[in-house]
Amino acid sequence: MQPGDLVGLIGSKGPELALIEAIQGSRARLKAGWDGRSQSLPMRQLDLLASLPGLQEPPDRLDQTPWQLVPAALAAAAPGRRDLGAAWLLLVEDPPDEGVSLEEFSELVAGSDAPATRAACWCWLQQGEQHLFRWRQGRVHPRSLRDLRQLRHDRHRQVLEERRLQHWYGLLSRRTPLNPAKLDPAQSRHLQQLLAFAAGEIEEITDPELRRGLQAAHCAAEPGPVRRLLVDLGQWLPHALPSLRSSVWDQGFEPALLAEAERLLAQAGEELPGDESRRDLTGLRSYTLDDADTEEIDDAVALEPLDGGGLRLWVHIADPGRLVASGSPLDLEARRRGSSLYLASGVVPMFPLALAVGPFSLRQGQRCAAWSCAVELAADGSVERHELVRSWIRPTYRLTYGDGDALIDLAPPEEPDLAQLQDLLDRRRRWRHARGALSMEQSEGRIRRQGDEAALEITDPSAARALVAEAMILTGSVVASHAADRGLAMPFRGQPTSELPPQSELEALPEGPVRHAALRRCLSRGSTSASVSSHFSLGLPAYVQATSPIRRYADLVAQRQLAASLGGGEPLEASEMAELLEQLDPVIREGIQISREDQRHWQQVWFEQHRDERWAAVFLRWLRPQDRLALVHLEALAMDQAVRAPESSQPGDALTVQVQQVDSLSDLLRLDAR
């Protein structure tokens, strides 16, 4: 090759013609295309088509050559379809081993080897649509009949695949509900990838075809927009929780477990082993206090007058272990769940609902199996005597917290028990506070789901709630003390000692949420272990959560440990308890995370519904000062939220908060405070 030669090259848009302007080593500088643009390429990428006749100065453009290389001339010189077919038949009958030259091919199909004809033939040979010949190392080779058939078959499949893709892209771009049963396997695979991406099961969409489909639907390859697309396609519920998808709570109870629950329901009224040794406490006037919508009733309180004028406090706890044996299918399922799951829409139970709200619960007016903790308090609030027994009780009253508050406030002569119980438990609370227990009671706001709407529910501190909370803490401390004295392994709940701010610093802060935030910031994380440890914020040397065995598996384990030690059985050793707690820890953490994500989602839905409102807030503390991210308390909502706040904000400052950006499908909420 030399300057002035006509060459062919494969450019970004297909075959192109060019003139060599100069040769520099192994590269050629070209004037390419009809506009004569400069380009440099390795010479191995060029095909020589014709040598330019000797001229003083090589032309700068293709249309300035002596061959009159213009588009119209090339189009006129292009080989005809019939001539190409005839040439293929001639060559394929006796194919030359080394093929034929471009000049020979041009003579064969066009009767001429003029540069314009050669250029036109070369351009035709480079087209992907032609299948008769191959251009290889500057020679033309006829394809075999077998190759042609395979190429045509592949081409047909390509056309069908392209039609399928265009149809699928059309479905995505129209954003109308899909019928998954009518999708082909590839489309179903794409849909499953979208669902997995929306649920957070895969980190990104890498399939190029699917990414093109998202572009056709004007959908960014991000979780929020993909969820919105799936909602439009009818494949994702607007309030579906990604973390709940395919979790143990999302799968429901298998038919065999529901059948086992029905068997236990039928057995609940029969006499079972151990029933004869239960203490009959049905004569005590017992009270259950819960929210109005609570169905799993797992605790009750009662008061027993003692000879000589003293009072004995009873706390009764539901006893699901009477029906569910350790290691049984329902027990193993409860262990797999670890706890009931609390969502804005309600509770996903640890046990089948028919059992949880039926024979497991302490139901008003019915004879119920329970674990009962009797406590006699000393004058200073310490435990003077205690007893733990398996019992029969008959709850007298099913009260809401509002009902309990009324009975405590009014203390009618005919119903003095709750007011007396409150006095006893206040004495106990003062005893704990004298030992460092913290009290951080304040109103708490929570978002509940009502259909597709979000509703704010605020729970205010009350005497009845404080009574129940203190009774449960008292029971947990008695169970822990009982176990510690006997060397009995338990799921002990502990919290390391924390260094709190100086009292003067706390007193300088406003009472309520601001002061509570300063305290919470200093507290260490609690933990559960098989060995005894103190609980700092409760002010207790030992504590066991043992009052919700219908809702927490570890509480059921605690009951079984008591049953084994009091009944002569074989309780778990500390190593076995530690192993069990290690198994429970991941699923309990998962449940907590799901509950938090669910509440966050419904908070975002609530703020979407109220995006134009403004709320009074009080500054609590900085989260990331460099980003002006702070924690504030929204007084009307009784909840804390992260917001962007003014740089000069200090704890206790009054602010006004408004929505800057919110998108519940994208898990996005940004609030501004001023």
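This is a predicted model: local features need pLDDT of at least 70, side-chain atom pairs count only at pLDDT 80 or more; totals for chains, interfaces and linings use all residues.
1. On overall form, the radius of gyration of the protein is 40 Å, whereas a compact globule of 674 residues would have one near 26 Å. Along the principal axes, the C-alpha atoms fill a box of roughly 130 × 65 × 45 Å.

2. The secondary structure comprises 18 helices and 25 strands.

3. As to burial and surface, 48% of the 674 residues are buried, while the protein exposes about 33600 Å², of which carbon and sulfur atoms supply 47%.

4. The side chains include 75 positive and 96 negative ones, and the centres of these two sets lie 4 Å apart.

5. The count of aromatic pairs comes to 8. One of them joins phenylalanine 351 and phenylalanine 360 in an edge-to-face arrangement, at 5.1 Å centre to centre and with 80° between the planes; phenylalanine 351 and phenylalanine 360 are both buried.

6. A further pair is made by tryptophan 606 and phenylalanine 607, whose ring centres lie 5.3 Å apart with the planes at 90°, and the pair is therefore edge-to-face, given that planes over 60 degrees apart count as such. Tryptophan 606 is buried, as is phenylalanine 607.

7. Elsewhere in the aromatic set, Phe105, Trp124 and Phe133 form one cluster.

Technical notes. Residues are numbered from 1 along each chain as its sequence is written. Side-chain values use heavy atoms; hydrogens and water are left out. Helices (H or I, at least four residues) and strands (E, at least two) are DSSP runs, numbered from the N terminus. The radius of gyration is taken over C-alpha atoms; the globule rule is 2.2 Å times the number of residues to the power 0.38. Buried means under 20% relative accessible area, exposed over 50%, partly exposed in between (1.4 Å probe, protein chains only). Accessible areas come from the Shrake-Rupley method with a 1.4 Å probe; for residues, only the protein chains shown count as cover. Lys and Arg count as positive and Asp and Glu as negative; His and the chain ends are not counted. The place of a charge is taken as NZ of Lys, CZ of Arg, CG of Asp or CD of Glu. Rings of Phe, Tyr and Trp (its six-membered ring) pair if their centres lie within 6.5 Å; planes under 30 degrees apart count as stacked, over 60 as edge-to-face and the rest as tilted.
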